[in-house]
Amino acid sequence: MTGPHAMNGSHTMYGPRAVSRLLAATAPELASHEATHGRLPSTATHAGLIEAVAAAGLRGRGGAGFPVARKLAAVAAGRRPVVVANGAEGEPDSHKDAVLLSRAPHLVLDGLVAAAMAVGSRDCRCYVPQSALETVHRAIAERQAAGYREPAIEVVTAADTFIAGEKSAVVNALAGRAPRPSDQPVSLSQTGLNGRPTLVQNVETLAQIALIARHGPGWFRSIGATEEPGTVLISLSGTRIGGVFEVPTGIGLSELIAGAGGTDPARVRAVLVGGWHGSWISGLAVAGARLSSRGLAHVHAQPGAGVVRVLPHGECGLRATAHITAYLAAQSAGQCGPCKFGLPSLAAGFEDLVEGVGDPAELARIAGLVEGRGACHHPDGTARLARSALAVFADDIARHRRGGCVAQIPLARTGARQ
């Protein structure tokens, strides 16, 4: 494991599970990148790369986990495609993309160029937050000065909102419109930016493509879960040591919390897996959970965008969920009923539960009403979080009705009704 790479510094962990692929370079400059990885081989930009990515079994690291080769092939079938590196990271508990862009911008750009050439595109865009602009611009300038022959890369500033990184919101932003999600009756791989086939890939996914292009599918599969191989960047919080760690897919949740986070898993009440659109799982289920789709299926969770937030004993899960749902309701684009009315109702309902009133059955009903009916998946993710909280924190609901709380601190309103 490599990490943590957090705001307050970075450290490196060593041990039998230590791994460093994406974050192997010691500095973000081109010289360090080339010393670590070498230049991208010319064959990496050929159509054969799509076959290599398919053989590697790479799935997207942006949250949905879709097979990357299928997206590449679909875009390659169209005319004049556009390829976008998506570095927008509006998820408050996620820092992996920011760390990757600051530590390994050239690996991301290698993957962007390789993917573009493999699908027959000369139109590359890099959609990143304000904090990453300087690093990305510097990296592009270094490549130009070094004589790299590759398509020009346009850098676009991503909005600092939760929904700005959703793929249709990215396309809207690139087209000069508000960065809000929109209905997608036709896949972006067929009709995206200005009606052209558009590939939107998370920056971590592109960095993985760059590694596969260099080392091949066999090397990529030499670590991680068989069905979802490779490494993944995890944003870990709520533990004694927090930050961004590179770990093998399929790693045990207990091993991550103890080995990387320095926290005894027995002292964990619950874990939020997959981010604020993810699922809470009980602390009792941590021992049997692994960070892969298959390893989390039995607890009805998904790795999502690689967020693991630990809730220690002494912290109230209802309060945490009320805070998150209030935030998600405020982050809505407000362009459809499920978001505009349903999410504030969910947020208010969780605040009622915190205050010892409210009806969990009514909240479950509202979650069912918003799911699958929005213009994007924002209501779906919020409903998923709400359902998991109602199940995992059922004891807390009863405790709050009796006037108690595990947090044992004065009640602070979440702001859902302010």
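A crossing of two helices is left-handed if the near helix is turned anticlockwise from the far one by less than a right angle, and right-handed if clockwise. Keep that handy for the second exercise.

Some ground rules: this is a predicted model, where local features need pLDDT of at least 70, side-chain atom pairs count only at pLDDT 80 or more, and totals for chains, interfaces and linings use all residues. Residues are numbered from 1 along each chain as its sequence is written, and side-chain values use heavy atoms, with hydrogens and water left out.

**Exercise 1. Describe how α11 and α12 pack.**

Step 1: get the geometry. The axes of α11 (residues 317-330) and α12 (residues 337-354) come within 8 Å and cross at roughly 160°. Axes here are lines fitted to C-alpha atoms, for helices over the stretch in contact, and angles run from 0 to 180 degrees between N-to-C directions.

Step 2: name the arrangement. That angle makes α11 roughly antiparallel to α12; under 35 degrees counts as roughly parallel, over 145 as roughly antiparallel, 65 to 115 as roughly perpendicular and the rest as oblique. The crossing of α11 and α12 is left-handed.

Step 3: look at the contact (heavy atoms within 4.5 Å). Residues of α11 including L318, T325 and L328 meet a set in α12 that includes L343, F350 and V354. The contact residues divide into 12 nonpolar, 2 polar and 2 charged. Ala, Val, Leu, Ile, Met, Phe, Trp, Tyr, Cys and Pro count as nonpolar, Asp, Glu, Lys and Arg as charged, and the others, Gly among them, as polar.

**Exercise 2. Now do likewise for α4 and α8.**

Step 1: the axes of α4 (residues 96-103) and α8 (residues 203-220) come within 9 Å, crossing at roughly 45°. The two helices are therefore oblique to each other.

Step 2: K96, D97, L100 and L101 in α4 meet V203, E204 and A207 in α8. Sorted by type, that gives 4 nonpolar, no polar and 3 charged.

**Exercise 3. Trace the mixed sheet.**

Step 1: order the strands. An open sheet of 5 strands runs β8-β7-β11-β9-β10, with mixed pairing; two strands pair if DSSP finds at least two bridges between them.

Step 2: find the edges. β8 (243-248) and β10 (279-282) each have a single partner strand, so one side of each is left without a neighbour in the sheet.

Step 3: zoom in on β9 (residues 268-273), which pairs with β10 in the antiparallel sense over 4 bridges. There, V273 has S279 of β10 as its bridge partner.
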